Amino acid sequence: MPKNAYYFPHDSNASRDPNILKMRCAYQAEGYGWYWMIIELLREQDNYKLSVADECDCNAIAMHCYADALRFKTYIDDCVEKFHLFNRTDGFLWSESLTRRMKTFDERSEKARLNALVRWDGNANAMQTQCGGNAKDKRVKEIKVKGSKEDKVKETKYEVRKAVFLTAKETEKIIDQFGEQGANERFEALSLHILSTGKKYDSHYYTLLNWERRKTSERNPKGNGQRDPDSYIKGSLGHMVQR
């Protein structure tokens, strides 16, 4: 499937839906084909709605469906008024059924995206298999961070590797900075370090950054004026200060 192709769920017995059967009686298989072509067009829109405000809009959709413009306009009217397969409000055509299904699908997809992000394992297929949204399997912990002028706000940290906890934003920043493979290597290294030494860190995110600074310092001895990353702690405003 092409990368820019969009998926949407639909019933395998849709052809036997009472309203679709009524439409098929009037427009046969041709009308059934038009129906799904319109549904596919709706799926590609950001808000799952098609503009039918003027004649040009309708003609463009008719051309896409390889249909005669006048016959297709009658078909759309019938699908809205007789068969109740589509809705038409404020110059837009939309499907209540598709919108309802896509709302659920989008919510699950967003959960899956976050779950895949925090449990990244370097396998491109891993993200696709998260679509079930098994959030209950994710180990999380709550922390509190203090804003400069705001009360304490809860921020969720996810276990991206065994004993390594980062927020979704922190995880995304590490991936942006080091790439997927580089991020995975650093997560794994920190996990092994914590499990083998039993050390505790106030911020695993800043620990990873400090490790990177130390590596840079070792590669460039002239600039080696940095302390060991374990000598840094997280300050009240979120920045790192020396112990």
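**Reading the terms of a predicted model**

Tutor: Gln 28 is found in helix H1, residues 18-44. The model is a predicted one, in which local features need pLDDT of at least 70 and side-chain atom pairs count only at pLDDT 80 or more, while totals for chains, interfaces and linings use all residues. Residues are numbered from 1 along each chain as its sequence is written, and side-chain values use heavy atoms, with hydrogens and water left out.

Student: What makes H1 a helix?

Tutor: Helices are DSSP runs of H or I with at least four residues, strands are runs of E with at least two, and both are numbered from the N terminus. H1 covers residues 18-44 and therefore passes the limit of at least four. The chain has seven helices and eight strands.

Student: Why is Gln 28 called partly exposed?

Tutor: Its relative accessible area is 46%. Buried means under 20%, exposed means over 50%, and partly exposed lies in between, for a 1.4 Å probe and protein chains only. The value of 46% falls between these limits, so Gln 28 is partly exposed.

Student: How do you know that Asp 90 is exposed?

Tutor: Asp 90 has a relative accessible area of 76%, which is over the limit for exposed residues, and therefore receives that name. Asp 90 lies in the loop between strand E2 (87-89) and strand E3 (92-94).

Student: What is the phi of Gln 28, and what is the phi of Asp 90?

Tutor: Gln 28 has a positive phi of about 55 degrees although it is not a glycine, and Asp 90, also not a glycine, has a positive phi of about 50 degrees. Most residues other than glycine have a negative phi.

Student: Why is Leu 93 called buried?

Tutor: Leu 93 has a relative accessible area of 1%, which is under the limit for buried residues, so the name applies. This residue is found in strand E3. Contact means heavy atoms within 4.5 Å. Leaving aside neighbours within four places in sequence, the contacts of Leu 93 include Ile 38, Tyr 48, Val 80 and Phe 86. The C-alpha atoms of Leu 93 and Tyr 48 are 8.8 Å apart, although 45 residues separate the two along the chain.

Student: What makes the link between Arg 161 and Glu 188 a polar contact?

Tutor: A polar contact is a pair of N or O atoms within 3.5 Å; within protein, one must be able to donate a hydrogen and the other to accept it, and residues adjacent in sequence count only if both atoms are side-chain atoms. The side chains of Arg 161 and Glu 188 are joined at 3.2 Å, so the distance meets the limit. Arg 161 is in strand E5 (residues 153-161) and is buried, because its relative accessible area is 15%.

Student: How do you know that the charged end of Arg 24 sits over the ring of Tyr 32?

Tutor: The rule asks for NZ of Lys or CZ of Arg within 6 Å of the ring centre and within 35 degrees of the ring normal. The charged end of Arg 24 is 5.7 Å from the centre of the Tyr 32 ring, and that of Lys 49 is 5.5 Å from the centre of the Trp 94 ring. Both distances therefore fall within the limit.

Student: What makes a group of residues a nonpolar core?

Tutor: The members are buried Ala, Val, Leu, Ile, Met, Phe, Trp, Tyr and Cys residues joined through side-chain atoms within 4.5 Å. The largest such core has 29 residues, and Met 23, Tyr 35 and Phe 72 are among those with the most contacts inside it. H1 gives the most to this core, with 10 residues. A second, separate core of 15 residues includes Val 160 and Trp 211.
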